[in-house]
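User: I would like to go through the labels attached to this model and see what each one rests on. Please set the values against the cut-offs as we go.

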Amino acid sequence: MNDFEFKVMQTIIVMVGAFLISLVMRKIVSRFAKITLTGNTRRQRVIVRSINILILMFSLLLLSIVWGIDHNEILVFASSIFAVI
């Protein structure tokens with residue numbers, strides 16, 4: 001197995017792991033919301049969306065480490081996006 005195939009396999013593992021963590025967290029929040037939020041689905045959606053954003057950011061960080069992207073390049077890209085926004 002060469003280096004490219006190994007990186008692709010790691011990428012697939014990170015993506016599947018992020019998806020599974022997202023599903024588990026959605027179920028946990030849903031179960032917890034039934035007990036404490038008494039049917040406030042808007043708050044539940046905000047919590048799930050926030051958790052999904054954190055999972056996405058962590059997954060992107062892991063993928064940048066797997067593919068060997070320089071962190072300075074990511075910071076330049078992010079600052080350019082924020083300047084446009």
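Analyst: This is a predicted model. The protein chain exposes about 7100 Å², and carbon and sulfur atoms supply 72% of that area.

User: What makes the protein chain more spread out than a compact globule?

Analyst: Read along the sequence, the chain follows the pattern α-α-α. Its radius of gyration is 17 Å, whereas the globule rule gives 12 Å for 85 residues; the value is well over the rule, so the chain is more spread out than a compact globule. The C-alpha trace spans about 50 × 40 × 10 Å along its principal axes.

User: How many helices and strands does the chain hold, and what share of its residues counts as buried?

Analyst: There are three helices and zero strands. Of the 85 residues, 18% count as buried. Among contacts between residues at least 6 apart in sequence, 58% join residues at least 24 apart.

User: Why is Thr11 called buried?

Analyst: Thr11 has a relative accessible area of 14%. Buried means under 20%, so Thr11 is buried at 14%. Thr11 lies in helix H1. Apart from neighbours within four places in sequence, Thr11 is in contact with Leu63, Val66 and Trp67.

User: Why does Ile12 count as partly exposed?

Analyst: Ile12, in helix H1, has 48% relative accessibility. Partly exposed is the range between under 20% for buried and over 50% for exposed, so Ile12 at 48% counts as partly exposed.

User: What is Val29 in contact with, leaving aside its neighbours within four places in sequence?

Analyst: Val29 is in contact with Gln44, Ile47, Val48 and Ile51. Val48 and Ile51 are also members of the largest nonpolar core.

User: Why is the pair Asp3 and Lys7 called a salt bridge?

Analyst: The closest N and O atoms of Asp3 and Lys7 are 3.6 Å apart. A salt bridge needs a side-chain nitrogen of Lys or Arg within 4 Å of a carboxyl oxygen of Asp or Glu, so the pair at 3.6 Å qualifies. The structure holds one salt bridge. Side chains of opposite charge can pair when their charged atoms come close.

User: How are Asp3 and Lys7 placed in helix H1, and is Asp3 buried or exposed?

Analyst: Asp3 and Lys7 are four residues apart in helix H1, so about one helical turn separates them. Asp3 has a relative accessible area of 52%; the cut-off for exposed is over 50%, so Asp3 is exposed.

Note on methods. Residues numbered from 1 in each chain as written. Predicted model: local features only at pLDDT ≥ 70, side-chain atom pairs only at ≥ 80, totals over all residues. Heavy atoms only, no water. Core = buried A, V, L, I, M, F, W, Y, C linked by side-chain atoms within 4.5 Å. Buried < 20%, exposed > 50% of the residue type's maximum accessible area, 1.4 Å probe, protein only. Contact = heavy atoms within 4.5 Å. Helix = DSSP H or I, 4+ residues; strand = E, 2+ residues; numbered from the N terminus. Rg over C-alpha atoms; globule rule 2.2 N^0.38 Å. Areas by Shrake-Rupley, 256 points an atom, 1.4 Å probe, with all protein chains shown as cover.
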